[in-house]
Amino acid sequence: MQSSRFLLKLTIMMIGGFAFLQVYSIQAILPVLMEHFSASKVQAGLTVGVTVMAVAIMSPVMGMFSDAVGRKSLIVICMLLIVFPTALLSISENITQIKLWRFLQGLFVPGVTVVTIAYISEEFPDRLASMLSLYVSGTVLGGFSGRFLIGYLHSLVGWQTGYLIFAGLMLIGVIWAALVLPASKNFVVSGNFRSSLHILRQHIQNPHVLTACALGACVLFSLVSIFTFINLHLADDPYYLSSANLANIFTVYLIGMLITPLTAKLIHNVGIANSLLLAIMSSIIGALITLCSPLWLIIVGLIIMSSGVFISQATTISHISQHVNQGRSLASGLYYMCYYTGGSIGAWVCGISYTYFGWSGVVFTVVLLQIVALNIVFFGIKLAKRTTP
């Protein structure tokens, strides 16, 4: 019994990890791609931005589709479909092709992320916060592993071969999920498209959902901006870090993986609103610390900033899951649409900020968005509580 429960938890983490293995991996080799394809800073940032925009576009669609057809089969199929554009990255001849394959990767990610959150919400209502925290820890591990592995693989065999290896790893994840993830027991098929539209309208009118969506946009705007352009900052004067050394920077994600499971206890002790306030303030402080010159202090700032972001993400997902009783996959889809739209906008806006103002421009743009997030917590959650019967 204990071994099967452990394997289930491991599988939930694994699915989160494989979902995010590809999403941000390219960040570690942006300086290499800029040189290889003679790309601008904005173009480099958009190799991240197009993926998160594709995720944003497909998240509500996958949510509605999953509510109609089920959970496990869609998770496995979408994991498999991510394999093909991952392999095609290895034969890209220009930055436009890179963006195309990255966009296709993003189209299938919501079939894993959105549907897995709905699956967890339905199958584990009595340990929702802890299982969601495990899932988010898996996404953190996947985000770290993608960046870390491609940085070192580029140094050893080149990034092209590295992405072929990634495609092989994704196939292993597909087989694992197909064999180990239990079939849904509590899934109820959504009646028809009209009922899905009715549920969609309910979600749009739900202040808890709207607040979570707004916070999600701020969260990923900050995370994508910081961890995309820190690579260009540290590859430049006076640091001149290689792709392998840039990959080492992403070990800060492992701190986030350790901290995220504690989110459930934090929420239990101080509540969702206070947890979010603490997390956002940590993100602001961490981002400002990265303006310092010593490399070790920049790393400390990244640890503090990313830990705050991961806690914000886990808390926000818990908030939306606690206040949605039907159409959970669609609610998750709406959340991720806003979440990844924020990330896509962040990659574009901070690409411009970095071009004209350097790293300080990125940091101050992110801090401004985090201040917006603080106001959303102060006023949005209070308003949601007042308007909820």
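**Close-up views of the predicted model**

**View 1. In helix H5, Gly106, Leu107 and Phe108 meet Pro110, Gly111 and Val112 of helix H6.** A contact here is a pair of heavy atoms within 4.5 Å. Helices (H or I, at least four residues) and strands (E, at least two) are DSSP runs, numbered from the N terminus. The model is predicted: local features need pLDDT of at least 70, side-chain atom pairs count only at pLDDT 80 or more, and totals for chains, interfaces and linings use all residues. Residues are numbered from 1 along each chain as its sequence is written, and side-chain values use heavy atoms, with hydrogens and water left out. Helix H5 spans residues 95–108 and helix H6 residues 110–123; the two pack at an angle of about 25°, with their axes 5 Å apart. Axes are lines fitted to C-alpha atoms, for helices over the stretch in contact, and the angles between N-to-C directions run from 0 to 180 degrees. H5 and H6 are therefore roughly parallel to each other. Angles under 35 degrees count as roughly parallel, over 145 as roughly antiparallel, 65 to 115 as roughly perpendicular, and the rest as oblique.

**View 2. Helices H4 and H8 pack against each other.** The angle between H4 and helix H8 (residues 159–180) is about 170°, and their axes lie 8 Å apart. H4 and H8 are therefore roughly antiparallel to each other. Residues of H4 that make the contact include Lys72, Val76, Met79 and Leu80. Among those contributed by H8 are Tyr163, Leu164, Phe166 and Ala167.

**View 3. Arginine 71 and glutamate 122 form a salt bridge.** Side chains of opposite charge can pair when their charged atoms come close. A salt bridge is defined as a side-chain nitrogen of Lys or Arg within 4 Å of a carboxyl oxygen of Asp or Glu. By this rule the count comes to 1 salt bridge. The N to O distance between the side chains of arginine 71 and glutamate 122 is 2.4 Å. Arginine 71 lies in the loop between helix H3 (41–69) and helix H4 (72–88), and glutamate 122 lies in helix H6, so the pair ties together parts that are 51 residues apart in sequence. Arginine 71 counts as buried, at 3% relative accessibility, and glutamate 122 is buried as well, with a relative accessible area of 12%. Buried means under 20% relative accessible area, exposed over 50%, and partly exposed in between (1.4 Å probe, protein chains only).

**View 4. A nonpolar patch on the surface is formed by Ile345, Trp348, Ile352, Tyr356 and Phe357.** Together these residues have about 580 Å² of accessible area. Accessible areas come from the Shrake-Rupley method with a 1.4 Å probe, and for residues only the protein chains shown count as cover. Patches are made of residues with over 30% relative accessible area and no salt bridge; like charges are joined within 9 Å, and nonpolar side chains (Val, Leu, Ile, Met, Phe, Trp, Tyr) within 5 Å. Tryptophan 348 is found in helix H15 (residues 328–387) and counts as partly exposed, at 46% relative accessibility.

**View 5. Glycine 63 lies in helix H3.** Glycine 63 is buried, with a relative accessible area of 0%. Its C-alpha atom is separated by 7.9 Å from that of leucine 334, 271 residues apart along the chain.

**View 6. Glutamine 97 belongs to helix H5.** The relative accessible area of glutamine 97 is 24%, so this residue is partly exposed. Leaving aside neighbours within four places in sequence, glutamine 97 is in contact with Ile91 and Ser92. Between the C-alpha atoms of glutamine 97 and threonine 47, 50 residues apart along the chain, the separation is 9.8 Å.

**View 7. Aspartate 237 and proline 238 are joined by a cis peptide bond.** Most residues other than glycine have a negative phi, and most peptide bonds are trans. Omega of the bond between aspartate 237 and proline 238 is about 5°. Proline 238 is found in the loop between helix H10 (207–235) and helix H11 (243–249). Tyrosine 240 also lies in the loop between H10 and H11; its phi is positive, at about 50°, although it is not a glycine. At 56% relative accessibility, tyrosine 240 counts as exposed.

**View 8. Serine 38 has a positive phi.** Its phi is near 50°, in a residue other than glycine. Serine 38 is located in the loop between helix H2 (30–37) and H3, where it is exposed, with a relative accessible area of 66%.
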